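Subject: Handover of a structure and notes on it

Dear colleague,

Please find the structure below, followed by an account of what was found in it.

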Amino acid sequence: MIHNSYDGVATRFLRKDERLINSSETEMPLVFEAKEHKDLKFLQDFLKANSENLMEDVGKYGALLFRGFNIQSDKDFENAILSINGLHGISDAFMSEHGRERVDGLKYVLHTNTIYKTGGTLYLGGFHSENYYTTDVPGFISFCCLKPSRIGGETGLINMEKVYEHLDDELKKKLENSPYFVGKWLVSDVANRYKIDTKTVEEICRKFDLPIVGEGENKLILMYKPSVFLHPVTQKKALQINFFSLPTLDKALRKRFLDDYQGNTWFWHRFFWKLPSSIFKVIENFFVFLIALFHSPKEVYQITVSNWKTDKAFKKLEEKFIKVNSCFSEKDIDHLAQVMRNFYCSIIWQKGDILLVDNRKVVHTGMPGSGPRLVRALISNPLQMKYSHAQTGCLHCKDSPTHTIGHYMAVEKDKVGSNR
């Protein structure tokens, strides 16, 4: 039974023929389908008029899919999704991943990645909570499909509230007991990226409880993160990490998903997934490196040098840094893979689809497939979070009362530019 009622659209859950893979997760996403009116103006008015109920329902169901409306461009996507009162776009995320760039002429719409293809490839895995490896974690991430893959290429979702309910109590205790070490940056690298002085970088970091350690050119910014989010609407807990943090999980997931990809269509996908993990990893890393090198040799060189300097400075620290993977035994990972498969949701993209995902309870990834694919992203509503080891491992999710850390860095960069 659908919680709220809406006029002017059809509300329902996905049919089996709209999912590439079926699972125990049958109520994500909630679908809003166009009826008589399909134009952008109607959609914007509908989203604005029903904002309160929509924000409640995305928290309840984990994702909302707007299907059958006339969405033709990146600008249409931005205008539509930001019509929802309560959604505030994030234009600058601190030290965002390379390739996650804004679309020209727009303030909030992002390329999923300009360096390599996400989704619609041979790869299966990489489920993650958005911006786990940086500070500015969005409460929501939206996607718009402007061109679906010929085969597969859907954006896979997993309801991590339901997954968390099925985890071992001892594991939950470890996860909630403390935050875990997630990332590090050289202060000098941050200063170079934003074209500001190191003193300003340190002032902003201290304001947001980002620890700074080391001396001189070896000075580092450290980041710890909670692994469990308590949702403000459902009052349930969800495991919210980037699952690259668990090195053997993707192999376990491929094993669980193997039966879902049958026939000649998926022959080469299955062939690669069955390779020994060591060989699979070498091939994966080699192709990612080649693609990045082809895209921008200078950038690859700069990233390589930066990583080397950062690791060198990090090794000089005497403190022991514990990561979230220390909580998981191989038995835990095997069980986690199974429950993730159980509560997975597959949505076969249609052109013009807009998907609003609650990043406080759902993880996502681009799924395997083939053929050109054009999907854009938009992140919104930064969560209030601190980043030192003194914090708890369970975050009570609230919107941040301030701008993102990336915003403050960008503002300082603009000040320097205007004074030149």
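Arg 341 counts as buried because its relative accessibility is 12%, where buried means under 20% relative accessible area, exposed over 50% and partly exposed in between (1.4 Å probe, protein chains only). Arg 341 belongs to helix H12, residues 330-342; helices (H or I, at least four residues) and strands (E, at least two) are DSSP runs, numbered from the N terminus. Leaving aside residues up to four places away in sequence, Arg 341 touches Ile 21, Asn 22, Ser 23, Arg 256, Phe 257 and Asp 260, a contact being heavy atoms within 4.5 Å.

Before going further, please note that this is a predicted model, in which local features need pLDDT of at least 70 and side-chain atom pairs count only at pLDDT 80 or more, while totals for chains, interfaces and linings use all residues. Residues are numbered from 1 along each chain as its sequence is written, and side-chain values use heavy atoms, with hydrogens and water left out.

The nonpolar cores come next. A nonpolar core is a set of buried Ala, Val, Leu, Ile, Met, Phe, Trp, Tyr and Cys residues joined through side-chain atoms within 4.5 Å. The largest one has 68 residues, and those with the most contacts inside it are Leu 175, Leu 239, Phe 243, Phe 328, Leu 336 and Met 409. Helix H12 gives the most to this core, with five residues. Apart from it lies another core, of 33 residues, among them Val 9, Leu 30, Phe 46 and Ala 80.

Ala 80 is also one of the buried residues of helix H3, together with Asp 74, Asp 76, Phe 77, Glu 78 and Ile 81. Helix H3 (residues 74-81) is mostly covered, since six of its eight residues are buried. The elements that cover these buried residues include helix H1 (40-49) and strands S5 (138-147), S14 (354-358) and S17 (374-382).

As for the aromatic rings, those of Phe, Tyr and Trp (its six-membered ring) pair if their centres lie within 6.5 Å; planes under 30 degrees apart count as stacked, over 60 as edge-to-face and the rest as tilted. By this rule the count comes to 22 aromatic pairs. One of them, between Phe 181 and Phe 321, is tilted, at 4.9 Å centre to centre and 50 degrees between the planes. This pair links distant parts of the chain, with Phe 181 in strand S8 (residues 180-186) and Phe 321 in the loop between helix H11 (297-315) and H12, 140 residues apart. Phe 181 is buried at 3% relative accessibility, and Phe 321 is buried with a relative accessible area of 16%. Phe 271 and Phe 272 form an edge-to-face pair, 5.6 Å centre to centre with 85 degrees between the planes. Tyr 6, Phe 32, Phe 42, Phe 46, Phe 66 and Phe 69 form one aromatic cluster.

Some backbone features also deserve a look. The peptide bond from Met 28 to Pro 29 is cis, with omega near 0 degrees, and Pro 29 sits in the loop between strand S1 (9-13) and strand S2 (30-34). Asn 131 has a positive phi of about 65 degrees although it is not a glycine; Asn 131 counts as buried, at 15% relative accessibility.

Yours sincerely
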